[in-house]
Amino acid sequence: MRNILHVMKLELLQISRMRSVLLILFVLPLLLIFVLGSALSSQFSANEYTPEQVKLAVYNQDTGMMKSILQQFFQSTKTQEILSVTNVDSEMELKNRIQAREVDGGLIIPATFSTEIMGGHTADWTYVAGPTTSKNDMVRMMLQAFTDQTTQTQAAAIVLGVNGTPINSSSQKAESINAVKIGKLQDNLYEASSFQYYSCTMLIMFLLFGGMSSAISLLRERENKTLQRMIAAPVAVSHVILGKLLGATIQSIIQGALIIGFTGLVYGVDWGENLLGVGLTVFFTVIASISLAAVLAGILKSSKAVESIYSTIVFIMTFLSGGMIVFVGGELESVGKFTLNYWANGSVFRFMMGVDVNTAWHLLFVLMGIAGVLLLLAIRFARRVGSIYE
Amino acid sequence: MSFVELKQVLKRYDTKVTVNHLSLKIEKGEVFGLLGPNGAGKSTTIHMLTGLLPYDQGEILIDGRSVHKHTIDIKKKIGLVPQDLAIYETLTARENVTFFGRLYGLSGKLLRERVDEALDFVGLKDRAGDKPGAYSGGMKRRLNIACAIMHHPELIIMDEPTVGIDPQSRNHIMESIRKLNAMGSTIIYTSHYMEEVEAISTRVGIMDHGQLIACGTKEELLEQLGRDEKMFITVDTLRDSVLVELRRHPHILSVEVLGNELEMLLKPTDTVFQDILFILSSHQIKPISFKREEPNLETLFLSLTGRTLRD
């Protein structure tokens with residue numbers, strides 16, 4: 001037991017002497033939180049943002065079935081939240097109105113529009129841009145979504161053999177075209193600030209990097225032959241490995257406490273009232289991280305291999321879990337479930353925001369399970385590190 | 001009862017036998033020089049002696065106790081000076097020695113005294129607060145030794161402790177070994193420098209292919225060598241054909257070429273010298289100078305293994 005403590009103290013002493021490691025483990029996360037938190041704060045603004053209504057002039061030359069459908073689309077409630085449509089009689093009038101700034105943009109529907117759509121082809125329209133880029137982009141997106149959906153529906157109808165009864169003119173159809181979806185990042189983030197979000201994700205990412213330093217340290221002991229000298233002393237190999245991993249665990253816990261304390265005091269990050277939940281998540285993330293490191297140290301032969309493979313794994317896991325860019329749904333979020341960060345971030349974040357705490361505990365229990373499995377694997381593989389023969 | 005005893009020790013790596021039924025006895029207070037070319041099995045033997053590596057067959061006893069059964073207790077009696085520098089660059093010399101001292105169960109005042117003593121012994125007390133990065137190669141080697149002796153081991157195993165250092169540091173280390181031996185430690189010493197082994201060893205063992213092929217005092221070994229002698233002949237020119245013929249001669253044990261010089265190990269007979277001259281003249285080679293050398297351990301090593309120690 002005393003030897004485990006000696007080795008643990010040595011590990012901590014060595015870390016405290018390595019300036020580059022101290023910078024990476026303790027300063028870099030705080031810096032990254034500051035940079036990401038400041039740079040992306042506008043995306044995390046908790047204020048409601050409703051896009052300004054766009055005035056659109058429409059010169060519709062089409063006389064087919066699509067004319068009335070398009071009309072219904074423009075008159076639907078959702079569309080009207082975004083678009084205010086004025087019909088004009090000529091292209092010239094449309095351009096004049098844009099020039100006079102009476103409208104923000106103009107849409108010219110060709111005479112062949114219905115024919116193209118009914119034939120299952122891609123239909124073209126012409127958009128005459130106004131002076132405001134963001135408004136132009138918004139109209140383009142909406143119109144594109146409309147034509148894409150109608151074209152797809154008609155193409156499907158043709159393929160399924162119901163030609164002749166294509167898109168009908170019922171208002172239900174036009175309403176069902178989902179061209180408008182207003183959302184914001186905050187829908188997934190419980191009104192968190194960017195500093196809260198990145199404090200959470202960077203905390204988890206750097207705790208995982210802490211594990212990497214323990215794996216590298218273990219393999220360097222073997223490479224530098226100090227492991228040989230240690231186990232030539234009356235010390236069990238398992239005590240040496242345990243001492244080193246314990247040292248790394250303490251270092252990671254200090255790192256976690258520093259990130260939480262510093263961001264709370266200096267950046268004003270509110271870590272919420274459920275600090276037990278946050279603390280437990282940090283602890284089991286550290287266990288999972290150190291165990292993963294021990295497994296890799298047992299499998300890989302050199303510290304350089306561990307460094308490159310482990311850091312790649314951590315970066316990929318952080319990215320897929322939305323630790324760098326926030327995902328609002330989609331496939332990437334589903335893939336993120338296969339990462340350690342997903343469970344740890346989700347748990348800390350909910351504890352921090354004090355919302356959906358039951359889910360937070362559920363995520364924490366899953367994290368505990370992952371940590372447990374990794375720990376068992378670490379026990380199985382870490383003995384290999386103790387071999388002085390590589 | 002010998003202090004160190006290896007009985008028919010066998011070690012295999014997969015199917016390759018690295019130590020082949022090795023038997024050896026080393027008495028308390030001896031300085032035992034262990035020689036052998038690379039791959040002879042010296043390091044494996046040392047690792048088995050220190051409990052770093054299990055053996056497959058046989059038994060190793062230190063002070064009458066099995067290394068296999070009493071590994072932790074036996075390790076307390078041993079100080080290993082590894083071939084590689086096994087020290088922490090981020091710690092000072094004092095912190096290095098202190099750390100390893102703690103692993104041997106030393107603590108408090110005794111630990112501090114032993115650390116000072118060890119650093120003083122290797123001549124690093126004045127630089128105890130410096131990190132190894134500020135040391136010369138020789139000083140690092142001395143620190144490597146200090147880390148192995150602070151717990152007053154009864155058996156010190158030194159695996160090539162003087163590799164790549166300056167003559168001054170080498171002399172310091174050689175003197176330290178004599179002092180440690182005088183203080184009662186038994187020493188097992190491996191080196192590629194034959195003169196070091198000759199100078200400090202009370203007995204020498206020569207290993208090759210995992211076996212001990214010769215063992216005894218220097219005098220006993222040279223006796224074993226018989227009257228084999230080394231001869232150096234400088235010639236005006238050399239041809240491969242003459243080397244082939246010389247090596248075929250039954251009383252010429254080995255022939256090495258160093259530029260225009262032939263280095264030969266001979267079984268001295270009445271005719272061998274005449275035979276050499278005849279072979280040279282038959283190949284139109286003219287001898288320029290001759291030199292005979294008394295047999296030594298290097299000669300013996302060459303004679304037994306067919307290789308020089310540095311091969």
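His152(B) sits in the loop of chain B that runs between helix H5 (137–149) and strand E7 (155–159). Helices here are DSSP runs of H or I with at least four residues, strands are E runs of at least two, and both are numbered from the N terminus. This is a predicted model, where local features need pLDDT of at least 70, side-chain atom pairs count only at pLDDT 80 or more, and totals for chains, interfaces and linings use all residues. Residues are numbered from 1 along each chain as its sequence is written, chains are lettered from A and ligands numbered from 1 in the order in which they are written, and side-chain values use heavy atoms, with hydrogens and water left out.

Back to the loops. His152(B) isn't a glycine, yet its phi is positive. Glu160(B), in the loop between E7 and helix H6 (167–182) of chain B, is another non-glycine residue with a positive phi.

| Residue | Phi | Relative accessible area |
|---|---|---|
| His152(B) | about 55 degrees | 40%, partly exposed |
| Glu160(B) | near 50 degrees | 5%, buried |

Buried means under 20% relative accessible area, exposed means over 50%, and partly exposed is in between (1.4 Å probe, protein chains only).

Now for the strands, which count as paired if DSSP finds at least two bridges between them. E1 (residues 4–13) of chain B runs antiparallel to E2 (residues 16–26) of chain B, joined by seven bridges, and Tyr13(B) stands opposite Lys16(B) in E2(B). Two residues lie between the strands of this hairpin, where Asp14(B) has a positive phi near 55 degrees. E1(B) also pairs with E4 (residues 57–62) of chain B, in the antiparallel sense, over five bridges. Leu6(B) faces Ile60(B) of E4(B) there.
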